[in-house]
Amino acid sequence: MKKILITGCLIAASLMLISACKKTESTVAKRPVNLRLSEVHAQGYPTSLADEEFARLVKERTEGRVIIDVRSGGALADNEGDAIEALKVGDLAFTRVSAAPVASYVPKLNAILLPYLYRDSNHMWAVLNSSLGQGMLEDIEKSGSGLVGLCYYDGGARNFYTTKPVHSVADLAGMKIRVQGNPMMVDMCSALGAIGVTGIGVGAVRGAIESGRVDGAENNWPSYQSGGDYTVARYFTLDQHTRVPEILLASKKALSRLDPADVEIIKEVAKMTQEYEISRWKEREALSEQIVRANGNTIITLTPSAFAEFQKAMQPLYEKYGGAYSSIIQQIQNTR
């Protein structure tokens, strides 16, 4: 009788232990994975809003298994180059950056960044959404850089803004212009007689202009307005030299720690946020232009002959950066 009681107690204890283990396993399985996303632009900026929409959809579609903490305003990395380096080693899971610095890892991307390449915004998006543009995103993951290209966002047309008026190539001679960390952007300035200056984060451009470190920069309407650059560089020349798309990147190391099914959800969700960001971009671009014009800034539209002069100056860049991709450039130019 005593043996039966002991055996019964052992069985009961075993069942309780198994039940407790199952509860523990269940708790672990339901515990969310928290990942961080770095954004250099301020909260409310089009790409920041898209980052937040991305995070919302990922949480919803993974049923809370993956939580993305969006940190805007450069809270995690004050420039895009540092954010990319953090992604490579897995210290960050996601970041939104310009395509320009990514071209250092996938040189083929330079073909879609060449100055005066696109006719307009619709032309650019036709290219980016084609097999050519999507293939370049795949090339990022294949590059061995540790980066994964998720989707493109709109970054508008980039224009020069300076402390003195620029109506022609000659007006840029000797001017120090802040550019992105991409050799082609530096060479673009050189071809125009200016000096390209890198290593200045988006949030530090205004101070660099105020201190005289640079005489201006080049960017889109929202960036020109949101950082207050328009208050210190009051001449905005609408040359629309480049349309550089933004790219939402992921860390290959960070993704490798997730369930493969959740990685697929993340990739699908990123594509879904593209149209959302484009819509927010158009709204913000119109608002920023309105604010700048109301401030009394001088907005310069190039004459056809001056525009042709800027285009002609870019020929060395097409030979240097586009020579190996002439078929891609031709494909882009033929895209309708």
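In this predicted model, Tyr224 is buried, with a relative accessible area of 0%, where buried means under 20% relative accessible area, exposed over 50% and partly exposed in between, for a 1.4 Å probe and protein chains only. The rings of Tyr224 and Phe236 have their centres 4.4 Å apart and their planes at 10°, so this pair is stacked; rings of Phe, Tyr and Trp (its six-membered ring) pair if their centres lie within 6.5 Å, and planes under 30 degrees apart count as stacked, over 60 as edge-to-face and the rest as tilted. Because Tyr224 lies in helix α9 and Phe236 in strand β9 (residues 235-242), the pair ties together parts that are 12 residues apart in sequence; helices (H or I, at least four residues) and strands (E, at least two) are DSSP runs, numbered from the N terminus. Phe236 is likewise buried, with a relative accessible area of 0%.

A search of the whole structure finds 8 aromatic pairs. In one of them, the rings of Tyr161 and Tyr224 have centres 4.5 Å apart and planes at 40°, so the pair is tilted. This pair links distant parts of the chain, with Tyr161 in strand β5 (residues 158-162) and Tyr224 in helix α9 (residues 221-226), 63 residues apart. Tyr161, Trp221, Tyr224, Tyr230 and Phe236 form one aromatic cluster.

Residues are numbered from 1 along each chain as its sequence is written. Local features of this predicted model need pLDDT of at least 70, side-chain atom pairs count only at pLDDT 80 or more, totals for chains, interfaces and linings use all residues, and side-chain values use heavy atoms, with hydrogens and water left out.
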